[in-house]
Amino acid sequence: MSTLQAITLDQVVDTDRYPLSDPRSTGARAVVARARRELAEDGCTVLPDFVRPALHDVLRQECAALAPQAYFDVETVNVYNIDVDAELPADHPGRRTFERGNAFVARDRIPGDSLISRLYAHEAFQRFVADCFSLPRLYELADPLSGLVLNVVRPGMEHPWHFDTNEYTVSMLTQEAQEGGSFEYCPNIRTAEDERFDDVRDVLDGRAARPPEHLPLRPGDLQLFKGRYSLHRVSPVRGARARHSAIFAYSERPGVIGSVARTRQLFGRVLPGHLAAEGRAVRGDLLLD
């Protein structure tokens, strides 16, 4: 049973710094205003020590205990997560391939009383995240596997350059790698109307006019990120310790379930709900991935 069963949200989150339960307070408005400004300018904002430092070790231990349940597979991918054999022009960035060696613990393997589960499902947390993204509301994914996951990047592995399927990404580092494993990103490198293939290719070739940003993250930090439009990666992990991070997946609309192909790629399995929902996805843009 989780050591957090009787702990309130105020004891988990530093609500003096991040007053989730009082969104109209001066402090809450200031935090949200800063987050909105940084998301608009850089596509990313970090809220340091969102989880109180006294609980960082509990956060690490709970997630480290889950890590062995991650589905692990090394596969060849490109930045768009499309078929690497797709017919594309010779100089198209989608022709550049990488080995993806990260792994995911699915939502149905994460106990509901764990710290990350309780945060993910908490109404005040969801309202706060939605406010930061300037949205009226966010919904938990209906997907039984990908709504909340633990990402595991083992030593010698990386999560190579890619774009997210969702526009809004919420994550929290729970364990640092011994070496490497840094988060790098190229803010707003594309838009919903323009893929900017030349700019993406320049990043992959190491000759971008604007070098990628390196974002220092520590366990307990909450990261809000617009990963749909910002190319990003986790650099190779070195040393003896894996990198762990919780990913809180939300959507602007209810009932969202991942595709069969993508779900099988990430978790090695699908459930009846994925099969029943196949073909009903609604795209919000015309981007390649």
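Predicted model: local features only at pLDDT ≥ 70, side-chain atom pairs only at ≥ 80, totals over all residues.
Let's start in the middle of things, with the largest nonpolar core. This core has 49 residues, and the members that touch the most other members are Phe50, Leu119, Phe125, Phe128, Leu222 and Phe248. Helix α5, which covers residues 123-132, gives this core its largest share, six residues. There is also a second, separate core of 10 residues, with Tyr80, Phe163, Val200 and Leu231 among them.

Now pick out phenylalanine 128 and look around. Setting aside neighbours within four places in sequence, phenylalanine 128 is in contact with Leu20, Val31, Val32, Leu47, Phe50 and Leu222.

The structure holds one cavity of 30 Å³ or more, and the largest cavity has a volume of about 50 Å³. Which residues line the largest cavity? They are Pro19, Leu20, Pro23, Ala28, Val32, Arg127, Phe128 and Asp131. Both α2 (26-42) and α5 supply at least two residues of this lining, and the largest share, three residues, comes from α5. Sort the lining by class and you get six nonpolar residues, two charged ones and no polar ones.

Is aspartate 14 buried or exposed? Its relative accessible area is 15%, and buried means under 20%, so aspartate 14 counts as buried. Not counting residues up to four places away in sequence, aspartate 14 touches Asp49, Phe50 and Arg52.

Next, head over to the second largest pocket, which has about 210 Å³ of space. Its lining is made up of Cys186, Pro187, Asn188, Ile189, Arg196, Asp199, Asp202, Val203, Ala208, Ala209, Arg210 and Pro211. Helix α6 (residues 197-204) gives the most to this lining, with three residues. By class, the lining has seven nonpolar, four charged and one polar.

Valine 203 lies in helix α6 and counts as buried because its relative accessibility is 9%. If you skip its neighbours within four places in sequence, its contacts are Trp161, Cys186, Ile189, Ala208, Pro212 and Leu231. Of these, Leu231 is one of the residues of the second core, while Cys186, Ile189 and Ala208 also line the pocket. For a sense of distance, valine 203 and threonine 169 are 34 residues apart in sequence and 21 Å apart in space, C-alpha to C-alpha.

Our last stop is asparagine 151, in strand β7 (residues 148-153). Asparagine 151 has a relative accessible area of 3%, so this residue is buried. What does asparagine 151 touch? Leaving out residues up to four places away in sequence, its partners are Asn102, Ala103, Phe104, Arg243, His244, Ser245 and Ile247. With alanine 103 you can look at the atoms themselves: a polar atom of the side chain of asparagine 151 lies 3.2 Å from the backbone oxygen of alanine 103.

Technical notes: Residues numbered from 1 in each chain as written. Heavy atoms only, no water. 1 Å grid on protein atoms, 1.4 Å probe; cavity = no way out; pocket = protein on both sides within 12 Å on 5 of 7 lines; lining within 4 Å. Points joined across faces, edges and corners; volume = space filled by probe spheres on them. Helix = DSSP H or I, 4+ residues; strand = E, 2+ residues; numbered from the N terminus. Nonpolar A, V, L, I, M, F, W, Y, C, P; charged D, E, K, R; others polar. Buried < 20%, exposed > 50% of the residue type's maximum accessible area, 1.4 Å probe, protein only. Polar contact = N/O pair within 3.5 Å; in protein donor to acceptor, adjacent residues only side chain to side chain. Contact = heavy atoms within 4.5 Å. Core = buried A, V, L, I, M, F, W, Y, C linked by side-chain atoms within 4.5 Å.
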